[in-house]
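Hi,

Here is the structure I said I would pass along. Have a look at it first, and my notes on what turned up follow below.

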Protein chains: 2
Amino acid sequence: MSITVSATLAVNEALALRRHQGLPVLPMGFGEAGLPVHPVMRDALSTGGDQNGYGPVAGLRELREAAAGYWQRRDLPTDPDLVVAGPGSKPLLYALLLALGGDIAVAAPSWVSYAAQTQLAGSRPLFVPTPPAQGGVPDPELLVQAVTEARAAGRDVRAVITTSPDNPTGTVASRGTVRRLAQVARELDLVVISDEIYRDLVHAPTTVVHSPAEFAPERTVVTTGLSKNLALGGWRIGVVRLPHSELGRRLRADLLGIASEIWSSPSGPVQRAAAYAFGEPPEIVELVDRSRRLHGIVARAVAERFRAAGVTVVAPQAAFYLYPDFEAWRERLAAEHGVHTGPQLARMLLERYGMGALAAAEFGESADALRMRVATSLLYGETEEQRSGALEADDPTALPWIRAHLDRLSEVLDDVYRPERAVLGAAAG
Amino acid sequence: MSITVSATLAVNEALALRRHQGLPVLPMGFGEAGLPVHPVMRDALSTGGDQNGYGPVAGLRELREAAAGYWQRRDLPTDPDLVVAGPGSKPLLYALLLALGGDIAVAAPSWVSYAAQTQLAGSRPLFVPTPPAQGGVPDPELLVQAVTEARAAGRDVRAVITTSPDNPTGTVASRGTVRRLAQVARELDLVVISDEIYRDLVHAPTTVVHSPAEFAPERTVVTTGLSKNLALGGWRIGVVRLPHSELGRRLRADLLGIASEIWSSPSGPVQRAAAYAFGEPPEIVELVDRSRRLHGIVARAVAERFRAAGVTVVAPQAAFYLYPDFEAWRERLAAEHGVHTGPQLARMLLERYGMGALAAAEFGESADALRMRVATSLLYGETEEQRSGALEADDPTALPWIRAHLDRLSEVLDDVYRPERAVLGAAAG
């Protein structure tokens with residue numbers, strides 16, 4: 001089987017190479033949280049160092065209980081026996097897709113790996129557009145239409161994936177949309193996989209995240225992890241909450257069978273640390289609060305730079321992503337740069353300016369779309385000191401290294417729009 | 001897709017439940033190394049705690065370089081760019097099978113997960129018996145025959161998996177067998193996947209382990225990890241060495257694509273610790289030396305108990321497994337216990353005596369075979385103190401807790417063979 005490296009990871013590696021060569025980079029391609037490890041998490045990992053046995057396939061009881069408590073505090077009552085831990089929520093999603101079989105409906109745009117994993121599992125993704133400014137959740141009425149047509153054409157669609165808060169758009173679907181999605185999933189007899197990895201990273205405390213598990217609890221599988229809220233992506237730990245139903249128990253058995261043959265169990269020391277984190281002691285809660293404040297301030301500042309340059313962008317509500325639309329520049333991009341598609345635009349930004357960004361096509365949209373996902377969380381700094389400083393600053397956008405990134409972004413956008421001024425070209429020459 | 005939990009992990013969980021209920025157990029079902037974490041490894045893990053970025057899909061350069069050095073010291077020159085790290089060698093094997101596609105020839109008997117993973121990847125295993133007393137490597141002449149026949153029947157066989165030292169038999173294939181296997185693999189144009197996770201655990205320093213990579217370097221993929229030699233199974237780290245050939249470069253690209261969509265990268269702190277271990281500093285070398293001495297002494301003592309009871313067993317040469325054959329007891333088992341198959345025997349041993357052991361059928365042999373895999377490494381003790389004591393003892397079999405396990409084994413075997421004496425039944429009554 002031939003499959004290329006995940007687009008998000010590929011752009012990360014391309015930028016690392018450029019940096020290594022001493023070339024300037026504007027690192028907005030990769031969705032890594034970009035913050036330091038909290039000392040209590042480092043201690044918890046060290047304490048777990050003696051955890052060298054494989055342990056249960058589903059994960060240590062203390063971790064499953066802590067995760068159940070985490071969901072309980074979010075009004076999703078959870079049986080620890082219906083929690084399964086894995087080495088990231090990504091492998092858990094893959095195992096779920098293998099367990100479910102059949103085709104999967106996903107939002108367009110949506111995170112690059114849903115479609116790739118679906119194909120890896122031997123099925124096909126069915127892309128369904130989202131409602132305006134509500135990323136991550138397929139438009140419920142369009143979902144009915146798409147699934148009905150696909151089934152009429154002989155396709156076996158068994159599940160739908162939702163993401164709220166959303167990657168790539170940084171938006172949060174409304175209660176009404178999530179509720180209606182859950183309702184149509186029930187009518188269509190679809191399992192709902194709700195990826196809630198950004199749940200704790202809403203910028204405004206007043207923004208409420210709704211889960212399909214509130215409205216269709218019997219068929220909703222929820223996944224999360226520590227990669228985004230605690231910036232521990234590289235530690236690799238995720239958890240899945242299976243529904244309290246016959247379906248949930250069947251999925252659990254199949255998931256454990258698959259997990260036992262692919263990864264055995266997640267890393268023991270990391271499980272122990274995760275058990276501590278999901279207990280949400282005060283210092284963890286405070287870290288998450290500070291993080292989401294920082295994500296919000298920088299995402300809004302970046303959105304402002306795009307708008308000032310004449311690029312359309314929906315206001316970010318959560319996480320550290322924006323999904324600017326260069327449609328207004330279409331003629332200009334074609335005439336001045338020979339750029340007609342999203343991937344061409346992404347390549348030009350990467351090659352000419354060292355700006356990492358992913359074209360809408362990577363997220364399941366047409367190559368024609370001039371939308372791009374930019375991630376704002378790697379602008380916080382390159383060193384641990386800079387990142388800690390960003391987390392602690394009253395106004396992170398006033399910090400010189402963040403300010404420099406923002407100014408560079410404006411400069412790049414200006415140069416793309418008005419190449420005749422050749423500001424950067426002149427500087428480089 | 002429905003797949004049951006890996007047999008080895010399942011028996012582990014069954015015994016844990018029995019122990020929890022206060023029932024006696026003879027834990028010989030699960031292939032966990034059963035030794036404590038070396039303090040230097042705990043320190044190395046703590047030091048790696050700041051590794052929270054995802055890092056390269058292939059693994060950190062320091063880890064890939066250290067693994068290359070490890071192989072170099074074993075006369076297998078290795079390019080760090082052809083090393084890929086994963087969260088255990090198990091996920092790496094699975095990704096390799098997905099990348100290769102097609103059916104896979106495996107030894108009968110062989111580790112439970114080769115066949116299960118092959119099925120999970122959408123292919124079929126082709127079981128080929130091993131030469132007598134040389135587990136893990138399909139008999140080369142039988143392999144030619146089996147692959148030729150399978151291909152004539154339309155099957156697309158693309159690779160063969162070898163394991164030396166072997167699980168489940170604890171034996172090491174001879175140089176002649178490995179060389180001939182490599183030769184026929186070349187003639188048949190098969191990729192060889194050589195699982196060498198037990199390589200460092202040969203009991204006698206004079207026993208040399210040969211790799212198919214010595215004889216067919218252009219087509220041999222080697223996997224290993226820290227689960228067995230350093231007893232770090234629960235930490236989850238493995239590495240694969242791809243061949244220095246066009247095939248190797250193609251496999252690397254496909255493997256990274258698959259890895260990026262299933263697990264992203266192995267846990268960062270664990271990678272850092274593994275980089276330290278693969279450098280083989282003196283304290284690690286000494287730990288491995290002490291471990292293999294312990295494994296050898298206890299495996300030989302257990303083999304002696306089986307032989308004394310009248311059960312045939314090939315002398316163990318490596319790792320911590322034996323593969324006793326109860327064939328001589330066939331009539332007795334049928335008459336006294338109604339046991340006619342390996343799985344029936346395993347069930348009786350588990351249910352009546354709390355003795356964990358896996359039937360040959362789990363390893364791809366016929367259910368009719370009365371062979372069983374027993375693992376000896378969980379006899380070292382239940383506490384860290386006992387296990388450290390076992391590692392340090394001049395004669396571990398004289399330690400009361402290990403002696404008690406050995407005596408219990410003799411008692412169980414005696415009771416199975418002579419139920420009329422009902423020693424254990426009387427004691428229980």
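A crossing counts as right-handed if the near helix is turned clockwise from the far one by less than a right angle, and as left-handed if anticlockwise. With that in hand, H2(B) passes H10(B) in a right-handed crossing. Bear in mind that this is a predicted model.

On the H2(B) side, the contact uses Val40(B), Met41(B), Ala44(B), Leu45(B) and Thr47(B). H10(B) brings Pro269(B), Val270(B), Arg272(B), Ala273(B), Tyr276(B) and Ala277(B). By class that gives nine nonpolar, one polar and one charged residues.

The other pair is helix H4 (residues 89-100) of chain B with helix H9 (residues 246-262) of chain B, packed at about 120 degrees with axes 9 Å apart. H4(B) and H9(B) are therefore oblique too, and their crossing is right-handed. Among the residues that meet there are Leu92(B) and Tyr94(B) from H4(B), and Asp254(B) and Ile258(B) from H9(B). The contact divides into eleven nonpolar, no polar and one charged.

As for confidence, chain A has a mean pLDDT of 94, with 97% of its residues at 70 or more. One stretch to watch is residues 425-429 of chain A, where pLDDT stays under 50 and the model has zero contacts beyond four places in sequence. Where pLDDT is low, the predicted coordinates should not be read in detail.

Cheers

Terms used: Residues are numbered from 1 along each chain as its sequence is written. Chains are lettered from A and ligands numbered from 1 in the order in which they are written. This is a predicted model: local features need pLDDT of at least 70, side-chain atom pairs count only at pLDDT 80 or more; totals for chains, interfaces and linings use all residues. Side-chain values use heavy atoms; hydrogens and water are left out. Axes are lines fitted to C-alpha atoms, for helices over the stretch in contact, and angles run from 0 to 180 degrees between N-to-C directions. Helices (H or I, at least four residues) and strands (E, at least two) are DSSP runs, numbered from the N terminus. Angles under 35 degrees count as roughly parallel, over 145 as roughly antiparallel, 65 to 115 as roughly perpendicular and the rest as oblique. Contact means heavy atoms within 4.5 Å. Ala, Val, Leu, Ile, Met, Phe, Trp, Tyr, Cys and Pro count as nonpolar, Asp, Glu, Lys and Arg as charged, and the others, Gly among them, as polar. pLDDT is the predictor's confidence in each residue, from 0 to 100.
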